[in-house]
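Have a look around first, and then we'll take the tour.

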Amino acid sequence: MLRTLTLAVLLATAGLPALAQTQRVRIGATPGPHAQILEAVKPIAAKKGIDLQVVEFSDYVVPNEALSSGELEANSFQHQPYLDNQKADRGYKIESVAQTVNFPMGVYSKRHKSFDAVPAGGTVAIPNDPTNGGRALLLLQDKGLLKLKPDVGFKPSVADITENPKRLRIIEVDAAQTPRSLDDVDAAAVNTNYATAAGLKPGDAILKEDPKGPYVNVIAVRSADKDKPWVRTLVESYRSPEVKAFIETKFGGAVITSW
């Protein structure tokens, strides 16, 4: 009788889904929309057997290091060009497993109502990392404010500026500090997650990036984990109708879903 009962229990357990037992997934994010969206993902993931624990980081560098070292199981804060640059520079074995949302970059000012009002020789702060700094320079080029060398790709630097008719002084600062720099510069290019966290409204940007190109954000995991069942479940939870509705209601078009 005991052997029969044991066999019955084993057969029943074998029929359970892979995530029948709750699995902890620590996921890194920057404060603001990224973290807020993940909080909306939490209850959906919980129903699918994932205990999603959101860990916030105040900069763009540490989340990939924490993921690579095993302090996290995933992160959700960066677009593909930034991840590619980090992998090339630091040798991380990290891969994106899904696209999430896009945050069109904006240029903000506390001094001027439009970029036309920025004087010749005015100061413009941009992020100091290659991908987001390059993104800011491409935005300025798209708006006709400067020209860059041909074929610079998605990571141009200040050294690639070939024409600067307003003689703008480009100041590079940490991406998380760009909102604070607004007290000291004529304008600053600010990623939407940092703009929102600082109380800036994307609709108030004096220049705004078109929601195009490669800057859709991604969920990243270690390469060794990319095919594990919990990864698929995490992606399904994030890219759910409930989360899409939350994003559209919460952010009013400042954050654009990729699904």
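What follows is a short walk through the chain, its sheets and its cores.

## Ground rules

This is a predicted model, so to speak of it: local features need pLDDT of at least 70, side-chain atom pairs count only at pLDDT 80 or more, and totals for chains, interfaces and linings use all residues. Residues are numbered from 1 along each chain as its sequence is written, and side-chain values use heavy atoms, with hydrogens and water left out.

## The chain at a glance

Along the principal axes, the C-alpha atoms fill a box of roughly 90 × 35 × 25 Å. The chain has eight helices and 13 strands; helices (H or I, at least four residues) and strands (E, at least two) are DSSP runs, numbered from the N terminus. Of the 259 residues, 49% are buried, and buried means under 20% relative accessible area with a 1.4 Å probe, protein chains only.

Now for contacts, meaning heavy atoms within 4.5 Å. Among those with a separation of 6 or more, 75% are between residues 24 or more positions apart. As for charge, there are 31 positive and 29 negative side chains, and the centres of the two sets lie 3 Å apart. Here Lys and Arg count as positive and Asp and Glu as negative, while His and the chain ends are not counted; each charge is placed at NZ of Lys, CZ of Arg, CG of Asp or CD of Glu.

## Two nonpolar cores

A nonpolar core is a set of buried Ala, Val, Leu, Ile, Met, Phe, Trp, Tyr and Cys residues joined through side-chain atoms within 4.5 Å. The largest one has 26 residues, and I37, W230 and L234 have the most contacts inside it. At least two core residues come from each of β1 (23-29), α2 (33-47), β2 (50-56), β12 (216-222), α7 (229-238) and α8 (241-251). The biggest giver is α2, with six residues. Another core, of 21 residues, lies apart from this one and includes V118, L140, L148 and I206.

Leaving out residues up to four places away in sequence, I37 touches V101, Y238, V243, F246, I247, F251 and V255. Then there's α7: seven of its ten residues are buried, so this helix is largely enclosed by the rest of the structure. Those seven are W230, V231, T233, L234, V235, S237 and Y238.

Two strands count as paired if DSSP finds at least two bridges between them.

## The five-stranded sheet

The other open sheet described here has five strands in the order β9-β6-β10-β5-β11, again with mixed pairing. Its edges are β9 (169-173) and β11 (207-208); each has a single partner strand, so one side of each is left without a neighbour in the sheet.

Strand β10 (residues 187-190) is joined to β5 (residues 106-108) by three bridges, and the two run antiparallel. Across that pair, Y108 stands opposite A188 and G106 opposite V190. With β6 (residues 123-127), β10 runs parallel through two bridges, and V124 stands opposite A187.

Which way do the β10 residues point? A187 and A189 point one way and A188 and V190 the other, and all are buried. In a regular strand, side chains alternate between the two faces of the sheet.

Key
Buried means under 20% relative accessible area, exposed over 50%, partly exposed in between (1.4 Å probe, protein chains only).
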